[in-house]
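Please keep the sequence and the model in view while reading.

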Amino acid sequence: MKHSRFQIPDSRLAGILAACLLAAAGCSEEKGSGLGKDFSYDLTELRKVEPHLIGYDEAGTISVPLKEVRGLAVDAKDRVFVAGDDVVAVFDREGKREAEIKAGSASRCLAVAADGTLYVGMKDHVEAYSLKGDRKVVWESLGEKALITSIVVGEGGVFVADAGNRVVVRYDLAGKQLGLIGRKDEARDIPGFVVPSPHLDLAVGRDGLLWVVNPGRHKLQAFTADGDLEASWGKASAGIEGFSGCCNPTDIAVLPDGRFVTAEKGIPRVKVYSAEGVFECVVAAPDRFGKDAVGLDLAVDSLGRVLVLDPQAKKVRVFVRRKRMDG
Amino acid sequence: MSQTTANPAVDPSERKRSWLQAAWATAVVAGVFSVVLAAAMVVDALRSQAEDMRTADRLAELKVALRDRPMDEGLKARIRALDVELRRSFFRRSQATDTGRWLLLAGVAVFLISLKSAMALRRKLPMPKAETPVPGLVGRLARTSRWAVAAVGVVLALAAAALVVTASSILGRPERGEKAATYPSDEELAKNWPRFRGPGGLGISAYANVPTSWNGKTGDGILWKTAVPLGAPSSPIAWGDRIFLTGSSKKLLEVYCFDAATGQLLWQQAASGIPGSPAERPRTMEGVEWAPSTPATDGARVYAIFSTGDVIAHDFSGTRVWARNLGTPENSYGHASSLAMWRNLLIIQYDQATADDKKSKLIALDAATGRTVWETKRDTPQTWATPIVAKVSHLQLAHSGHVRIEDATPGDQIIACGDPFLCGYDAASGKELWRAECLGGEIAPSPVYANGVAYTANAGSYATAVRTDGSGDVTKTHVLWKAEDGLPDICSPLANGELVWALTAGGLLTCYDAKTGKRLWEKDFEVNCSSSPSLVGDKVLVTSEKGVTFFVAASRELKELGKAELGEGCRTSPAFLDGRIVIRGEKHLFCIGKK
Amino acid sequence: MRARSFILVALLIAACGAALAAEPVPPPEFTDTQHQVPGEQYPQPSAAAIQYLDVAVLFVALCLATFLALRLRSRNAVFALMVACLVYFGFWRKGCVCPIGAIQNVTLALADPHYAIPLAVLAFFALPLVFTLFFGRSFCAAVCPLGAIQDAVVIRPVGVPRWLEGGLRVLAYAYLGGAVIFAATAPVFLICRYDPFVGFFRLSGSLGMLLFGGGLLVVGLVIGRPYCRFLCPYGVLLGWLSRLSGRRVTITPDQCVRCRLCEDACPFGAIRKPVEPPTPAERAAGRRRLAWLLGLLPLLVVVGFVAGGALGTPFAKLHPEVVQAERVRAEELGEVVGTTDASDAFYESGQPVDERYAEARRLRSRFALGGRLFGAWMGLVVGGMLIHLTLRRRRDDYEADRGACIACGRCYDYCPVELTRRKKQAEVSSAKNPSAKQ
Amino acid sequence: MPEDRKPIPRREFLRVGVRGVALAAVVGGTGYLATRSREARYVWQLDPSKCTQCGKCATNCVLKPSAVKCVHAFAMCGYCELCTGYFEPEPNALTTAAENQLCPVAALKRTFVEDPYFEYEVDEPLCIGCGKCVEGCRSFGNGSLFLQVRHDRCLNCNECAIAAACPANAFSRVPATQGYLYRPGYSPATRKEG
């Protein structure tokens, strides 16, 4: 009896100590809820890419010394323009810093016209600058719902993608509004843009058509300057040949030979499609970027190099075609 | 509680007994009920949980299967069935446990109540025995109590001690009182070929008696020739009777150990399963693959680094001692700097990306454990050069006040090339001692050192001689001379204190005066070279990519001393042993020497 | 390879946050259906009122308990109140927050000025202390749910020998010290984490918790209130204040007749026998012992303080951030394979490793200080107890120990003097109103 | 108290004195802290921007099912047809069939609004807070689905068992008056004009 009385408290003490250790060990070691496969979300398999599908090498990077970077453009002379914070940083083709143009407010996207005019998209309006950096003109606002995500300059004028109003606005070079493109319209059987997240990108195809991403429908759609839907391609799939997730691609660019470069979020990857929309190869596999990389803006220079803006790394990653596909 | 109607006729003791019985009965029933219920609940919980887990995993598998057979209606039906089953059981169980708990609570309550009342009924008035006063009882009680307190105190102390002993922390607190690290003496190092370009990385053989004529085609002068499983442009190193090499393929990164006497492959180990190692191989230059870096050894272990950033250590029997990944290097041709060693430190020049990425660094790992001992940031972009270890003598240091008395051999320096600086670091602490701006472009050639002067040469900048006794930026003060002829792009220079040689990839060998930098002579072999020149006794050896080795006198005027053929391409630098040369061809490892 | 991509992220300063921060596009307007985007429900926590109700209940319960124990002197009444409180504070309010746990909130509030302690918690901490200061531990007797659940299972109490009783008290002091140290250094609430009975109040809990609590209850069948006596940290405070209390439980209403009937009445070993005054020899020996124990005390404290520093490392292992840092370090050195949720979370946070290591080291040094204080405290406790056990005071009557008595009122029924007093009372009252008799 | 005849006055006096001191200490300390305690009440909440959806919320809560549940901020939602919070990463078809659904307890409801928009709603009684849908929504979409402690369920333990297990240190005590933490770029104010 006495003896057992002795035992109880000490075993209790031991219990406490053991519990302490367990707790300490417990919270560090075990992984997940312990509820089984069915209760955890796993993309690791889908994030893998067959090495032989990768057709590009990262030739180098341009570090952009800004707090936040949002937009990327390349001009005819292959100069690199990066919109971020409230400036536009300009680099030469080798990535040497050339200039910094102060913008009126937070710059989101930009395009350079043949005449060297720089069109910079703010949240709700566009501002035009000369390459010297002096502001030429501020275009009128598209309303407080507006969220401008992309600008391109084509024969038809300047096209501005407004993700907030889910429409592309066409301007002439002077900033006069010429019309709206992509509004839902059964008569012209235009389905309308589905833009769940703030990504609505534009590009001008070699055929002169305006290519617009319709992320919610996982499609690229081609419009004429006056808004007729000419062509459309793309399919939803987490597989390498399709566009993954709810709303992809986020960004597109067109190669000199008319092929397309697309960027996705969720499974951050950059891929090349033929002019007809057939998957060709991977430029950058997901492991090139951070897990949450989003807004990988794309540009293509005259040499056919693919420039990818990595907003997390605050870098422009330059990819060049591989000599041997299997390299 | 079950009642027994008590009629007044029965005397109180009778009634009491019947109450007591009732109480006991209830207690037993309630107790048994509770125990059984509890057991049942536990068993059920465990069982159905495990079951659900299995079903859930099965469901997940089925869903995977559906991806391959998207049209399989049967499969879909099974998935749906399983899904429903799962959720039913989930809710059934949660409800069951809920009711179970309340039942259990009630059961236990009844049990306690009846038991307590039973006890109450059984209680009799206490009948204390006659008290016999024991003298000093109180005192004795107090004493035992004190001992009890002390005992518990001790028990707690022991428990705490146990905690302290079991709990250890690996957060880099300054490792004090570690047992003295063991490392080979300079003599041992000199006898062997422990790293890229031999002892100190100077490309100078301790032996003069190396063969001067051989022919790989006919095989004369070749002691042995062994095929290397995987190719790579990394050079052989040697220690005692062992020769080490690395090789890589798209799948594998391997370390090889050969018998120096017979050339037999003793073991090969793959560098795999290293935590943090990148899922996908970083890009590297074609032909270089992922093993361009030459391994290093300290006679106890052999160390290798690959372009993936994996560093791995094996003992001589081939068992892995440690392995870690330094973070995938951002290097557009792939990391190619070879390993250097100082005492028990493994020195890694880890230059990456661009200068403003601030990712380049010089790292020293404890060779025994692989832990980082020191790490020094370098403001240079990616390079491909290998650091050297220079034994800067007391006297020279005395001027610059770098002598640290407590150090056994003070002022051992690690000298590393960068763009645009050549830097000297204190080998013990990694602290940068001096830097000279004398380099530029893509830097592959490593520096060399002789008599207190570091020599470097790189295409796109200069050949430069820098005194190593400076501190801070010594560009203005300690640069002895600069020259611009015959600058190498891959091969490292060679210096013996009197003369300096530089070899271009085009096969142009230029000889400078070490004091003045004056060009004494040059010789164009008109062959491509990626193997660095070596100094053996009074001869300079130059090996071409075709595998032809040319001999030139190490003298102030040009004197050619013939050549020898390996019969196989060669992009690596040879290792020199007592009377033998070990050299790696495209496919084979050769040992050249007299039978 | 998952870790790999995370490490990439780790280099990117809080960019994930920025990426998410990009303002979302406004939801689509549903031109065809005019569907309205619904708002979502954010159920608010039950109003603070319920807490003040708790405080009120606590106050009333304390008053009642005091009255029933000291004035009415009725064990049954106390027991009834105890059950009521067990049901309310325990099973209804799920035993949280309780005064025992409130120790930690108070400590945290004192240690960390940013933590503003809720008034209700403060009241829970202070009220029982004040009551005890005046009326003894009536809180333990009838209000505390942890005490109640143990008191409810006391079936066949066998006394723990006096000498062992004293020794085991040390555990309670250790627990108090540990709880305070941890609440102050890392907000880790040991008392809550290892609360043995809250699992029963919630009718759910981790296995360890239930086993510990169940074990205590089983022990409690034969050893009265083991947690209260040998572990409860709040009990330590109450015990001390109870020593100062003015009114408190007295076994007999007036003169003790030393009938020894109450000797074994107390299942908690709180009844003290009379003590003869020490013989001169004993007194002398006691003085000597006292002298060198008084010398020993500071020594113990110093030793504890010095040795306690070593506890920093094991203590720190209870802090999640330290655990995380250790793990990341281990992965960095390749000492472990794969990642844990903690290290994954760290990589995702994008914080530089060195910062986290520095943070962890800082925490560990704080725990080292905590360990020193803990060691010193234990030295003080052991030394103090030894001294207390050498002091010997003359006692003429059987009486309840000022510190240990929890005012449960069991002993009343054993005292013949008390019983006669009650009989008298009954007669008086019946005489007052004959109608009471039929 | 007859127990100590002579020493009564001294000891009693001493006791009263010490009692006074103790009382002063308790009351004083309490008062001091009382002046500092502004908030009537604190509750536990998790910060969605720190949350890594490890799943521990589902299993570590003292309640079964957990007090942590998935919340849907409609105003952040894109009303996607292919909702990665609702569907498997590679759905067999965009239907509500079990094989396509991500949620293991089918706690997400999907209703058609108009082409091509669908509305998603959390069926709270079913949700166990495993965060699977949260991860799905976060990695591809706007993160309009996120985990929160539901205060109508939370027992508000003095030490939250989930907080103790949370690998991301996402849990903290917040004033009961602002009992919820939202994704960056979202505040329930924006839902008012919904």
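At 8% relative accessibility, Asp83(B) counts as buried (buried means under 20% relative accessible area, exposed over 50%, and partly exposed in between, with a 1.4 Å probe and protein chains only). The model is a predicted one, in which local features need pLDDT of at least 70 and side-chain atom pairs count only at pLDDT 80 or more, while totals for chains, interfaces and linings use all residues. Residues are numbered from 1 along each chain as its sequence is written, chains are lettered from A and ligands numbered from 1 in the order in which they are written, and side-chain values use heavy atoms, with hydrogens and water left out.

**Salt bridges**

Asp83(B) forms a salt bridge with Arg87(B), and their closest N and O atoms are 2.2 Å apart. A salt bridge is a side-chain nitrogen of Lys or Arg within 4 Å of a carboxyl oxygen of Asp or Glu. Both residues belong to helix H2 of chain B and stand four residues apart, about one turn of the helix. An α-helix has 3.6 residues a turn, so residues three or four places apart point the same way. Arg87(B) is partly exposed, with a relative accessible area of 23%.

Over all chains, the structure holds 76 salt bridges. The table lists some of them.

| Pair | Closest N and O atoms |
|---|---|
| Asp83(B) and Arg87(B) | 2.2 Å |
| Asp257(A) and Arg259(A) | 2.8 Å |
| Lys291(A) and Glu135(D) | 3.6 Å |

In the pair from chain A, Asp257(A) is partly exposed at 48% relative accessibility, whereas Arg259(A) is buried at 15%. Lys291(A) lies in the loop between strand E21 (279–284) and strand E22 (298–300) of chain A, and Glu135(D) lies in helix H3 (residues 132–140) of chain D, so this pair joins two chains. Helices (H or I, at least four residues) and strands (E, at least two) are DSSP runs, numbered from the N terminus. Lys291(A) is buried, with a relative accessible area of 9%, and Glu135(D) is buried at 11%.

**Where chain B meets chain D**

In this interface, 11 residues of chain B are in contact (heavy atoms within 4.5 Å) with 12 residues of chain D. The area buried between the two chains is about 1100 Å², and carbon and sulfur atoms give 56% of this value. Buried area is the accessible area (1.4 Å probe) that two parts lose on being put together, summed over both. On the side of chain B, Lys63(B), Arg67(B) and Arg87(B) lose the most area to chain D, together 42% of what that side buries.

Three salt bridges are counted between chain B and chain D. The count of residue pairs in polar contact, both at pLDDT 80 or more, is six. A polar contact is a pair of N or O atoms within 3.5 Å; within protein, one must be able to donate a hydrogen and the other to accept it, and residues adjacent in sequence count only if both atoms are side-chain atoms. Helix H1 (12–68) and helix H2 (73–122) of chain B are the elements that give two or more residues to the side touching chain D. The largest share of that side, seven residues, comes from H2(B).

Which residues does Glu99(D) touch, not counting residues up to four places away in sequence? They are Lys63(B), Leu66(B), Lys76(B), Ile79(B), Arg80(B), Glu88(D) and Asn92(D). Glu99(D) lies in the loop between strand E2 (68–72) and strand E3 (108–114) of chain D, and it is buried at 4% relative accessibility.

**Helix H2 of chain B**

The 50 residues of H2(B) should span 74 Å at 1.5 Å a residue, and the end C-alpha atoms are 72 Å apart, which agrees. The expected span of a helix is 1.5 Å times one less than its number of residues. Asp72(B) caps the N-terminal end of H2(B), with a side-chain oxygen 3.0 Å from the backbone nitrogen of Gly74(B).

**Backbone features**

Most residues other than glycine have a negative phi, and most peptide bonds are trans. The peptide bond from Cys96(C) to Val97(C) is cis, with omega near 5°. Another cis peptide bond joins Asp115(D) and Pro116(D), where omega is about -5°. Asn451(B), which is not a glycine, has a positive phi of about 45° and is exposed at 59% relative accessibility.
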